[in-house]
Amino acid sequence: MGLSFQIKLFISAIILVITGCNHLLGQETETLYLSGTGSDHTVEWDFKVSNGRNSGKWAQIPVPSNWEQFGFGTYSYGHTDEKDRGKEVGFYKHSFSVPKDWKDKKVEIVFEGSMTDTQVKINGKLAGAIHQGAFYRFKYDISKLLNFDDSENLLEVRVAKHSENESVNTAERKGDFWIFGGIFRPVYLSVKPVKNIERVAIDAKADGMLTAQVFLDGSIKKGEVVAQVFDAAHKAVGPEFSADISSKSTSLILQQQFKGIKTWNPEDPNRYSIVFNLRIDGEAVHEFDEKFGFRTVALRKGDGIYVNGVKIKFKGVNRHTFWPTTGRASSKKRSIADVNLIKDMNMNAVRMSHYPPNTHFLDVADSLGLFVLNELAGWHGSYDTPTGSRLVEAMVNRDVNHPSIVFWNNGNEGGHNTDLDALFQHFDIQKRDVIHPWQHFNGMANEHYRPYNYGVGTYWNGREVVFPTEFLHGLYDGGSGAGLNDYWELIWDNPRAAGGFLWVFADEGIERTDTGEIDTYNGSAADGILGPFHQKEASFYTIKELWAPVRFQNLYLTSSFDGKLPLENRYLYTNLKELSFSWTLKKLPLPNNKGLSKQLRGTIAAPDVAPGQKGKLSLELPSDWLDYEVLYVNATDKHGRELFTWSWPIKTPKDVVSSLNPTDATGLAKVKWKESSKEITVNSGEFTFVIGKQDGQLKKVENKNGEIPFNNGPHLSAGVVDFKSLHTEQFGDSLVIRSSFEEKSRMKEFSWVFYPSGWVKLEVYYKPEHYDVDFDYMGVDFSYPEELVEGIEWLGEGPYRVWKNRMHGTNFNVHQKAYNNTVTGVSPMVYPEFKGYHANLYWAKINSKSQSFVVATETQDVFLRLFTPEYAQNVYEERTSPPFPFQDISFMQAIPAIGSKTNQPERLGPSGQKNIFFDYGTFDNWKLRSKKMTLYFNFSSGW
């Protein structure tokens, strides 16, 4: 008998003494864990697996766990061919002792989850029928099988990874996810009096009416059940209320009306507890505690979904119970971390895909505040009716009292056994509605991944409540953020759109114990907003901004700004006066670290703006606010959680370039040049530049430390270039080399200006390829060896890259990041990714193994392109692999959008469409009609 077991018995004894001193309090249910409580607290059991790795010999394994993660059996993915599926069987043994005074009590062994078919023996005798269904609580009464005489009891468990019931395999193990084996949730003994309260079901409405159904266990002919409600401070709420027990009933109903209660919702997750006491002949026999919340859910067909009378917009995400090192075994600590990450993205809802979760996840959703869709397993296939009926009952009975659960899901994507629909409400005292994810059902359009403009008299354009249980699939770097702004504004403005659930919370990458790799099954499971270890990818911040309940009007700060920011309250229940706001003004350094990095902060009076209303945030900035580069505004909710920090540049790129003084020639020698038949060589102080006479492009850069291989530009990113001529002109102490082009060329003109300071100015006039039709990108490129790059420091939006349809979630600042070649969702993962398009460039310093250099622009809204990222290799690569120009470093004024696993980018909304640039005009006025971009370069050895 271990020390931890003795401590538990001692605590149990103390509880019995205390409760026994008061005849009004019954005995509480005692719990003795045979396993650990979760993946972070396990107990070693003896174990053997039938085949696969380390098969045929007894060893030890932690429980709860999935055996693949401890070197046993084989790895299988739901899409694996039948012949490659691991069908091993696991055998467990564990010895335990129980106290003698349990002999006259009811002792049950409870399994919270076991994959998949589970046979249980106590002291060599079957505890009951084999359980089938991995994600559901099951239990056996083992009171008559135990030894109570200080001798040990032997628990033997046989777990078959592949079920004998093919419908169980179809529902649980033939999906787009990893499948495992083992006892992956806790195992414990539940001990209570022979006559006891088996369970309770609570329906607590927003108007304060509470109805509880109490289910009795044991032959009880007469007595009563007394209930008392307590608030979060354990203060009694209202009077006790009770109901008498009839000899003919195994359950009874208690009802009470309460006044002045606080309702439950995700913004104010107010919970209460209720204590039930079973009394027989005036003596308290058994005490049963439960937490709950007062709230009312109503689906109003043709209208929307209401909670406590408020129409809801669900900002949700799908979540697997998963961790790379433990598979589907989890812990309360992990549940708390996951719910906090979900709420940090300003979400208010989560869908349990594609099975009911651990109870502690629902507890955390209750306490921190999330709407939950709880789901019966099924993925393009369903349980047969007898099996499904049993599992529906198990799921509903276990989870019925969680206020977070607002709907039941019957399977997923065709895995709907319609025979089971009525059973959910039959077992649910709250009569929650049932959803068929992926179908039109029960007055809701729940289809998955429908395009932005989908529907002829249906979906967005129909009469049913639009409630997609999956949308914006997050494969690769679209990450569920791409297209979200378009979709969310569509949903927000559509009175019948109730929100939806992004796919998916995190990449399902398993850390294999056979190879050591993070395996996402060839990228199929790399579709999360977060990485496998919950690394924050770019879309985390995009979603955080777009789903922030404070929505600022899009504006630019100019000298006419009056210090008032127009905003909208997109909370459902909270007035903005309950929030905290602050502002920060920053002065940012230049690329040579000159200039003070200074900031000034202040608080902002929270405005009185009711949910759904608009108002203004008055900042009361200092009179010299225009002297700063950037304004930040932070909003924090009443619970202390940051909503977002928004940024607005104050200075323009031209303002910042002027601070660098590129044209200052004080005390410097005049720029010199010479030409040959093929090139022009320019000398400016320590610098030598070579310009090609056949195309006007930069061919060579050299300073006193040697050559800097930045060259072959400006090359037009896309379009016909027909070079015409080159003209050189001395302009004061500077030199101008101007290239001109034929009339039909997309490159119209560019000029190099070489200053005595060593700075070089490039001014480009151009039009994109096929400017009168759609195009992917427009800009100019240069060559630079990727293998020399160590990192980048830049002033602009960052630190994450952007796509045309995912521009939100960045902030304006001086950012730094080291070079990496991360393929989003594929190991090794380093975030933020280095390569890609970066928004709103002011200046950038390319840190090199050779010599670093600086580029700046005075043109607004320039994108900096850094090389071409690699893409995940999968069958959807074309949709999720946006195009890039041929060369290495680019300066762009239009960039492409990114698609998803299920849709091309143009089907994800207006921002996913290709770019259009068109104007009438002739070659004579091309300077007015063309795009213009001005860049500055410095290749000084001092950088």
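This is a predicted model: local features need pLDDT of at least 70, side-chain atom pairs count only at pLDDT 80 or more; totals for chains, interfaces and linings use all residues.
1. Before anything else, a word on "buried": a residue is called that when its relative accessible area is under 20%. Keep that in mind for helix α8, whose buried residues are Ala538, Ser539, Phe540, Thr542, Ile543, Lys544, Glu545 and Leu546. That is 8 of the 9 residues in α8 (residues 538-546), so the helix is mostly covered.

2. What does the covering of α8? The cover over its buried residues includes two helices, α3 (332-344) and α7 (484-493). It also includes the strands β36 (499-502), β39 (550-552) and β45 (642-649).

3. Now step back to the whole protein chain. Its secondary structure comes to 10 helices and 64 strands. The C-alpha atoms fill a box of roughly 110 × 65 × 55 Å along the principal axes. The radius of gyration is 33 Å, which agrees with the value near 30 Å that a compact globule of 943 residues would have.

4. On cover and surface: 60% of the 943 residues in the chain are buried. The accessible surface of the chain is about 36300 Å², and carbon and sulfur atoms hold 47% of that. As for contacts with a separation of 6 or more, 68% are between residues 24 or more positions apart.

5. Helix α5 (residues 385-399) is another one to look at. Its 15 residues reach 21 Å from first C-alpha to last, close to the 21 Å expected at 1.5 Å a residue. Buried here are Thr387, Gly388, Leu391, Val392, Met395, Val396, Asn397, Arg398 and Asp399. As background, an α-helix has 3.6 residues a turn, so residues three or four places apart point the same way.

6. Which elements do the buried residues of α5 pack against? The helices are α2 (166-172), α4 (359-369) and α6 (421-427). The strands are β16 (196-204), β30 (371-376) and β31 (405-410).

7. Is Phe853 buried or exposed? Its relative accessibility is 2%, so Phe853 counts as buried. Not counting residues up to four places away in sequence, Phe853 touches Ile708, Phe710, Tyr784, Ala844, Lys845, Ile846, Ile889, Asn938 and Phe939. Ser941 is 88 residues from Phe853 along the chain, yet their C-alpha atoms are separated by 8.3 Å.

8. Compare Glu240, in strand β19 (residues 236-245). With a relative accessible area of 47%, Glu240 is partly exposed. Leaving aside neighbours within four places in sequence, Glu240 is in contact with Val226, Ala227, Gln228 and Arg279.

9. Last, two arginines over rings. Arg199 lies over the face of Phe215, at 3.7 Å from the ring centre. Arg334 lies over the face of Trp323, at 3.6 Å from the ring centre.

Technical notes: Residues are numbered from 1 along each chain as its sequence is written. Side-chain values use heavy atoms; hydrogens and water are left out. A charge sits over a ring if NZ of Lys or CZ of Arg is within 6 Å of the ring centre and within 35 degrees of the ring normal. Helices (H or I, at least four residues) and strands (E, at least two) are DSSP runs, numbered from the N terminus. The radius of gyration is taken over C-alpha atoms; the globule rule is 2.2 Å times the number of residues to the power 0.38. Buried means under 20% relative accessible area, exposed over 50%, partly exposed in between (1.4 Å probe, protein chains only). Contact means heavy atoms within 4.5 Å. Accessible areas come from the Shrake-Rupley method with a 1.4 Å probe; for residues, only the protein chains shown count as cover. The expected span of a helix is 1.5 Å times one less than its number of residues.
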